[in-house]
Amino acid sequence: MDFTLSSEQSAYRDKVRSFARKHVAPLAARWDEEETFPREILPLLGDAGLLGVTVPRAWGGQGLDLFHLVLAIEEIARYDGSLALALAAHHSIVCGHLLLSGTEAQKDSWLPRLTGGAVGAWALAEGQAGSDASSIKTEARSTEAVWSLWGSKMFVTQAPLADIFIVLAMTGGGARHNGISAFLVEAGAAGLRIGKPLHKMGCRATETAPVGLHGVEVGSEALLGELNGGFRDAMRLLDVGRVVMGAMAVGLARGCLEEATSFARKRRQFGRPIGQHQAIGWMLADMATETDAARLLVHRAAAGIGQGRVKTREAAMAKLFAAETASRVANKAVQVHGGYGYLRSSPVERYLRDVKLCEIGEGTSEVQRLVIGRDILKG
Ligand SMILES: Cc1cc2nc3c(=O)[nH]c(=O)nc-3n(C[C@H](O)[C@H](O)[C@H](O)COP(=O)(O)OP(=O)(O)OC[C@H]3O[C@@H](n4cnc5c(N)ncnc54)[C@H](O)[C@@H]3O)c2cc1C
């Protein structure tokens with residue numbers, strides 16, 4: 001067992017770290033303030049291979065494994081939770097769904113565009129269907145070779161700028177888990193209505209909006225995966241999605257630790273740097289210890305999935321622990337900064353707002369505990 005990165009993995013991480021320092025760190029606060037996704041970053045991300053980390057080279061991707069994606073997401077989240085969230089969704093549920101269930105024609109059509117700067121959005125949640133995702137009401141009605149989609153989706157990340165939507169809808173009459181299918185819907189389709197972006201607490205440079213489907217018609221070639229197999233596929237995607245969101249939490253926690261350490265060295269009270277007051281030193285010690293533990297869980301889950309061992313329990317544990325750790329660490333980082341951490345100009349103020357999403361998206365912490373508890377009892 002070796003807990004260190006290989007030289008190739010370290011070099012990859014360092015490359016993404018340089019990208020994040022150069023292109024993300026200086027602008028992240030402004031993007032958050034403007035509450036709009038910085039579209040101008042897409043060509044830069046594409047050139048750096050960050051729009052197709054896990055997409056095979058044949059479709060314009062890098063052909064790397066989940067472990068590399070986790071390294072990349074931590075580096076981006078170190079400076080910006082919003083961009084990390086956008087990239088996490090892009091890889092795990094948009095490109096990931098196409099790779100898992102797409103036909104060759106669907107992959108040929110969409111993956112080169114997505115790795116080249118097109119934006120995708122994935123729509124499962126609805127107003128009354130969040131944690132209980134199989135209770136969605138959006139319906140796909142079939143008439144000859146045409147599917148007609150009716151319903152409304154909530155919290156769709158990047159909907160206002162998306163070129164392609166993956167929409168989960170009921171196709172199996174009353175069946176829930178075995179009666180949901182996924183459909184590809186192109187932006188601009190008649191009957192597709194994108195609501196106003198929601199004003200969020202954090203990750204404000206992602207654009208999240210409700211989406212209405214008023215008789216949107218798609219052909220049979222738009223069915224993504226097996227008929228009535230959409231919910232099963234979505235649950236498989238969640239294993240990856242949870243690990244990737246765990247990496248986002250680790251990146252934000254590391255950002256908090258680094259900012260708090262730097263502040264604790266510089267800020268002087270009672271004649272010495274505050275880091276030399278034991279209470280502050282202990283806070284930094286706890287922050288560092290918990291962040292390392294979270295990273296180890298995320299890396300274990302990513303390596304397991306990458307080696308083909310799908311471990312739902314390990315993915316849920318990684319996400320749960322990393323998300324709750326990062327929230328605690330962010331809270332402490334603000335405390336270390338005192339009043340300066342409470343100002344909008346402080347990066348840790350933004351990280352504290354961004355990190356809360358990690359306890360909600362891709363399944364809340366309560367849902368992770370349900371998943372882990374059930375798995376333990378199953379034996
Ligand atoms: C910024 C953002 C981006 C998102 N992006 C997307 C996206 O791109 N696509 C998409 O489909 N969805 C997206 N979501 C939706 C997200 O997946 C849901 O918000 C999440 O699954 C929780 O659902 P909910 O908000 O309806 O809360 P609810 O499910 O209503 O939960 C409310 C509370 O009840 C708890 N709870 C619920 N059931 C149980 C239970 N059985 N036992 C114990 N506690 C329980 C929850 O843990 C939570 O604390 C996004 C959400 C946000 C905030």
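This is a predicted model: local features need pLDDT of at least 70, side-chain atom pairs count only at pLDDT 80 or more; totals for chains, interfaces and linings use all residues.
## Strands and a ligand pocket

Leu-192 stands opposite Leu-213 in strand E7. Residues are numbered from 1 along each chain as its sequence is written, and side-chain values use heavy atoms, with hydrogens and water left out.

The labels used here are simple: helices (H or I, at least four residues) and strands (E, at least two) are DSSP runs, numbered from the N terminus. Two strands pair if DSSP finds at least two bridges between them.

| Strands | Sense | Bridges |
|---|---|---|
| E1 and E4 | parallel | 4 bridges |
| E2 and E3 | antiparallel | 5 bridges |
| E3 and E7 | antiparallel | 10 bridges |
| E6 and E7 | antiparallel | 3 bridges |

Towards E7, which spans 208-219, Leu-149 has Val-216 as its bridge partner, and Val-146 stands opposite Gly-219.

How many of the residues in E7 are buried? The count is 9 of 12, which leaves the strand mostly covered. Buried here means under 20% relative accessible area, while exposed is over 50% and partly exposed lies in between (1.4 Å probe, protein chains only).

Strand E1 (residues 120-123) has cover on both faces: Gly-120 and Trp-122 are buried on one side, and Ala-121 and Ala-123 are buried on the other. Its parallel partner E4 runs over residues 164-170, and Ile-164 of E4 faces Gly-120. Ala-123 counts as buried because its relative accessible area is 2%. From C-alpha to C-alpha, Ala-123 is 9.8 Å from Val-94, with the two residues 29 apart in sequence.

**The loop between E1 and E2**

Two serines can be picked out in this loop: Ser-134 and Ser-135. Ser-134 is buried because its relative accessible area is 2%, and Ser-135 is buried because its value is 11%. A polar atom of the Ser-135 side chain lies 2.7 Å from the backbone oxygen of Asp-132. That is a polar contact, meaning a pair of N or O atoms within 3.5 Å; within protein, one must be able to donate a hydrogen and the other to accept it, and residues adjacent in sequence count only if both atoms are side-chain atoms. Ser-134 is 36 Å from Val-348 by C-alpha atoms, and 214 residues separate the two in sequence.

**Around the ligand**

Where does the ligand sit? The ligand is in the largest pocket. A pocket is found on a 1 Å grid over the protein atoms alone, as an open set of points with protein on both sides within 12 Å along at least five of seven lines; in a cavity, a 1.4 Å probe fits but cannot get out, and lining residues have an atom within 4 Å of a point. A molecule sits in one if more than half of its atoms lie within 2 Å of its grid points.

There are 14 residues around the ligand, and Ser-131, Phe-155, Thr-157, Thr-364 and Glu-366 come nearest; a residue is near a molecule or strand if one of its heavy atoms lies within 4 Å of it.

Polar side-chain atoms of Ser-131 and Glu-366 each lie 2.6 Å from an oxygen atom of the ligand. A polar backbone atom of Phe-155 is 2.9 Å from a ligand nitrogen. The protein covers 63% of the 980 Å² of accessible area that the ligand has on its own. Such areas come from the Shrake-Rupley method with a 1.4 Å probe; for residues, only the protein chains shown count as cover.

**Two loop residues with positive phi**

Most residues other than glycine have a negative phi. Cys-203, in the loop between E6 (192-194) and E7, has a positive phi near 45°. Cys-203 counts as buried because its relative accessibility is 1%. Glu-362, in the loop between helix H10 (347-355) and H11, has a positive phi of about 55°. Glu-362 is buried too, because its relative accessible area is 17%.
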